[in-house]
Amino acid sequence: MLFYFTGTGNSLYVAKNIYDKPISIPQIINREKLSFRDESIGIVSPVYGHEVPPMVKEFLKKSTFDTEYFYMILTYGNRHGGAAKLADNLCKECGIIASYINIIIMVDNWLPSFDMNEQILLDKKVDEHIAEIVEDIKNKKKMISLVTDTDRQAHKQFLGNMSKMPADAWQHLLKVGEKCIGCGICEKVCPSSSIKIENGKAFHIPGNCQTCLACAHACPQKAIGLAIPEKNPDARYRNEHIELSEIIEANNQKK
């Protein structure tokens, strides 16, 4: 059994390589009963600010997992900041014993810092790393990815920067421009119902936004941008192995 959260397809691609039918966390997060039992249970998730998205945290806190082998695979694009240890700490807070937590570097889709056209040209050896992880899980390897002092310092620096910003800063990151034609794709790829279409135009609802940027990356008109400067406002990204329909299937809250 494998659960995943995805914004632009990276974590979904990893999940599909591990398990035939991974389960979307946004599609089950609101169920009354979140109790799961299997020989092995995994989570594949991106990390934002070195930690899993709020919805994944909520899922872990609300769920019970009856398994001999619980694992997490965390996708990141530049600095993981000790994400594996942070995830292990989260698991312990939730009463979960993690047997295996690993990280995998992929395209970084954080628009303020990275040009998507440059990112897709980088060879990050993704498939080789996935193959190693799949083998580890098959053999039920026990391991928490190592964290260095440099990683810890990166996370400390990030927290320091965040402390200087309003607590809800990321909730006001997105903005909808005049190019919006009301096609509704943004609404369908949003995992938290934070984008709505009204009167033929999209608008963003702060409060529960996961800051996954799925809406910005999926907008065919590039009408959804950020309230802060972007590295390249004309470049957007979706994992080359994942169809838009798959992200809609994973995240659409209007089924």
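Start your tour by selecting S193, which sits in the loop between α8 (185-189) and β10 (195-198). Helices here are DSSP runs of H or I with at least four residues, strands are runs of E with at least two, and both are numbered from the N terminus. The phi of S193 is near 55°, a positive value in a residue other than glycine. Most residues other than glycine have a negative phi. S193 counts as partly exposed because its relative accessibility is 30%. With a 1.4 Å probe and protein chains only, buried means under 20% relative accessible area, exposed means over 50%, and partly exposed is in between.

Before you move on, two notes on the model. It is a predicted model, in which local features need pLDDT of at least 70 and side-chain atom pairs count only at pLDDT 80 or more, while totals for chains, interfaces and linings use all residues. Residues are numbered from 1 along each chain as its sequence is written, and side-chain values use heavy atoms, with hydrogens and water left out.

Next, select K222, in the loop between α9 (214-218) and β12 (224-226). K222 is not a glycine, yet its phi is positive, at about 55°. Its relative accessibility is 34%, so K222 counts as partly exposed.

**The two domains**

Now colour residues 2-159 as domain 1 and residues 169-251 as domain 2. These bounds come from an automatic or database domain assignment. Taken over C-alpha atoms, the domain centres are separated by 22 Å. Where the domains meet, 29 residues of domain 1 are in contact with 29 residues of domain 2; contact means heavy atoms within 4.5 Å.

**The nonpolar cores**

Select F3, F59, L60, F70, M72 and I73: these have the most contacts inside the largest nonpolar core, which has 58 residues. Such a core is a set of buried Ala, Val, Leu, Ile, Met, Phe, Trp, Tyr and Cys residues joined through side-chain atoms within 4.5 Å. β6 gives the most to this core, with seven residues. Both domain 1 and domain 2 supply at least three of its residues.

Zoom in on F70. Leaving aside neighbours within four places in sequence, its contacts include I41, I43, L60 and Y100. Then look for a second, separate core of 21 residues, with F114, L213, C215 and A216 among them.

Which residues lie closest to the centre of the largest pocket? The pocket holds about 1100 Å³ of space, and of its 43 lining residues, V47, Y48, G49, H50 and F158 are closest to the centre. On a 1 Å grid over the protein atoms alone, a pocket is an open set of points where a 1.4 Å probe fits, with protein on both sides within 12 Å along at least five of seven lines, and lining residues have an atom within 4 Å of a point. Grid points are joined across faces, edges and corners, and a volume is the space filled by probe spheres set on the points.

Select α7 (149-163), the source of the largest share of this lining, four residues.

Finish at the second largest pocket, with a volume of about 330 Å³. Of its 18 lining residues, V107, L122, V126, Y237 and E240 lie nearest the centre. Why does the second largest pocket lie between the domains? Domain 1 and domain 2 both give residues to its lining, so it lies between them.
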